[in-house]
Amino acid sequence: MSWKIPLSDLNFGAEEEAAVLRVLRSGWLSQGPETEAFEQEFADYLGVKHAIAVANGTAALHLALLGIGIDSGDAVIQPAVNFVSAANMTVAVGALPVFADICSLDEPTISPQSAQQAIEACLAAGGPKPKAVVVMHYGGYPCRMRDLEALCKAQDLWLIEDACHGVGASVAMSDKGVVKLGAVGDVGCFSFFANKNLVTGEGGMVTTNSDELARKIRLLRSHGMTTLTWQRHQGHAATYDVVEHGLNYRFDEIRAAIGRLQLGRLDENNARRRELSAAYFERLTPLQDDGWIFPFQIQQKSQQECMASAHLFTAVAPDTATRWKCTDALKEQGIQTSLHYPLVPKFDAFSNFALNDEVGVSRQFCERTITLPLYPSMVKNQVTAVTRALIEATG
Ligand SMILES: *Cc1c(COP(=O)(O)O)cnc(C)c1O
């Protein structure tokens, strides 16, 4: 199906084409100098000590959990409104995902209070021991990081940021000033999948200020080997040892070259996304009287407190029937919508996890939410067209 207004669109130019050819002709394709440059530039951009490029965002989460030593017998607190990656990777390392609720329909990020309750429920049950909290910056709007950081400090838990929506966004912290998302917690995880704000097709990044974590994650990324093919190619090493049971989650040079250019476009693209989101908020105001909710409107307005990457524009319908009526009506007009996300603990594969019943707000959100088209090359007329279609469908 070809959409009149797609959900998202790429922002590639002649520079990306030239970069791909340049790398292709260089004769070196797997992780090498281009990847190292991308990692350095990403780390500098984020203001973080280490950035480690990996195969995708899920690999980033897997390596984060392995790097901090999450194991069987551990519980990982995480939001019920999320992409399934964090929960799947929690299970992959043998740990138990414990779901916390979101703050409200207006702010669908993990509630610090609900996270606290989930920790207490784990401790009371005497089962798996809470070891980490994974937060997810829904739509590129920062979670309540000051409270979440304090909670993790008080409970001696690791703080992992799933910043897949939040590349380039930032939040004001009380002691450190304004910090980029992915640089607040112990580890940050990013995806460069084709519909994200920074695109390499497949791809991801792990960020951390910890030398020890970075060392371990670099090893785990490439078979636990002490030297890389690139280092041996340069004559820096003749052989290697294997010191961890690692994986192959390496990145490659073609995608690194694309990533470096996309990083250069990021701030401008994110600013455009914020502008379009503001236009959506303004044009959709009349629907608020009919029970519609447009999350993060307050965060969007108070830009000194936080700067969103505005990855998604989400609307919460008054009820599920209206949600489906509207997605159908928009589809009729060639407007693509999506749904971020079905509730994670409701998936069949998670039906055996007991400690996750108290997520009523998350359930409401997942039953009523719609994601509307948003991408940097979108024009205001298209925002108007989507808005009109939605208002007509509701009436
Ligand atoms: C995209 C995404 C992921 C997974 O990234 P992949 O690169 O597709 O593996 C994880 N979490 C969130 C919130 C995402 O949006």
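Residues are numbered from 1 along each chain as its sequence is written, and side-chain values use heavy atoms, with hydrogens and water left out. Because the model is predicted, local features need pLDDT of at least 70 and side-chain atom pairs count only at pLDDT 80 or more, whereas totals for chains, interfaces and linings use all residues.

The largest nonpolar core holds 92 residues, and within that core F42, I77, M145, W292, L372 and L390 touch the most other members. Helix α9 (residues 253-284) supplies the largest share of this core, namely eight residues. A second, separate core has 27 residues, including L65, V93, V134 and I217. A nonpolar core is here a set of buried Ala, Val, Leu, Ile, Met, Phe, Trp, Tyr and Cys residues joined through side-chain atoms within 4.5 Å, and buried stands for under 20% relative accessible area, exposed for over 50%, and partly exposed for values in between, with a 1.4 Å probe and protein chains only. Helices (H or I, at least four residues) and strands (E, at least two) are DSSP runs numbered from the N terminus. When neighbours within four places in sequence are left aside, I77 is in contact with V98, A100, A115, A118, I119, C122, P130, A132, V133 and V134, contact meaning heavy atoms within 4.5 Å.

On the surface, L21, L24 and L29 form a nonpolar patch with about 260 Å² of accessible area together. Patches are made of residues with over 30% relative accessible area and no salt bridge, like charges being joined within 9 Å and nonpolar side chains (Val, Leu, Ile, Met, Phe, Trp, Tyr) within 5 Å; the accessible areas come from the Shrake-Rupley method with a 1.4 Å probe, and for residues only the protein chains shown count as cover. L21 is part of helix α1 (residues 14-26) and counts as partly exposed because its relative accessibility is 38%.

A polar atom of the T207 side chain lies 2.8 Å from the backbone oxygen of G182. Apart from neighbours within four places in sequence, T207 is in contact with F42, L46, V48, H50, A51, G182, D186, V187, G188 and F190.

Salt bridges, defined as a side-chain nitrogen of Lys or Arg within 4 Å of a carboxyl oxygen of Asp or Glu, come to a count of 14. One of them joins the side chains of R260 and E41, at 2.7 Å from N to O. This pair links distant parts of the chain, with R260 in helix α9 and E41 in helix α2 (residues 33-46), 219 residues apart. R260 is partly exposed, with a relative accessible area of 29%, and E41 counts as partly exposed at 29% relative accessibility. In another salt bridge, between D252 and R255, the closest N and O atoms are 2.6 Å apart; D252 is partly exposed at 21%, whereas R255 counts as buried at 15% relative accessibility. K380 forms a salt bridge with E275, the closest N and O atoms being 4.0 Å apart. K380 belongs to helix α13 (residues 380-394) and E275 to helix α9, so this pair ties together parts that are 105 residues apart in sequence. Salt bridges that share partners also join R22, E34, E41 and R260 into one network.

Residues up to four places away in sequence not being counted, E34 touches R22, V23, E253, A256, A257 and R260.

Two loop residues complete the description. D71 lies in the loop between α3 (57-67) and β2 (74-79) and is partly exposed, with a relative accessible area of 43%. The C-alpha atoms of D71 and K131 are separated by 9.3 Å, although the two residues are 60 residues apart along the chain. G201 is found in the loop between β10 (187-191) and β11, and at 26% relative accessibility G201 counts as partly exposed. From C-alpha to C-alpha, G201 and R255 are 7.6 Å apart in space and 54 residues apart in sequence.

Technical notes: Polar contact = N/O pair within 3.5 Å; in protein donor to acceptor, adjacent residues only side chain to side chain.
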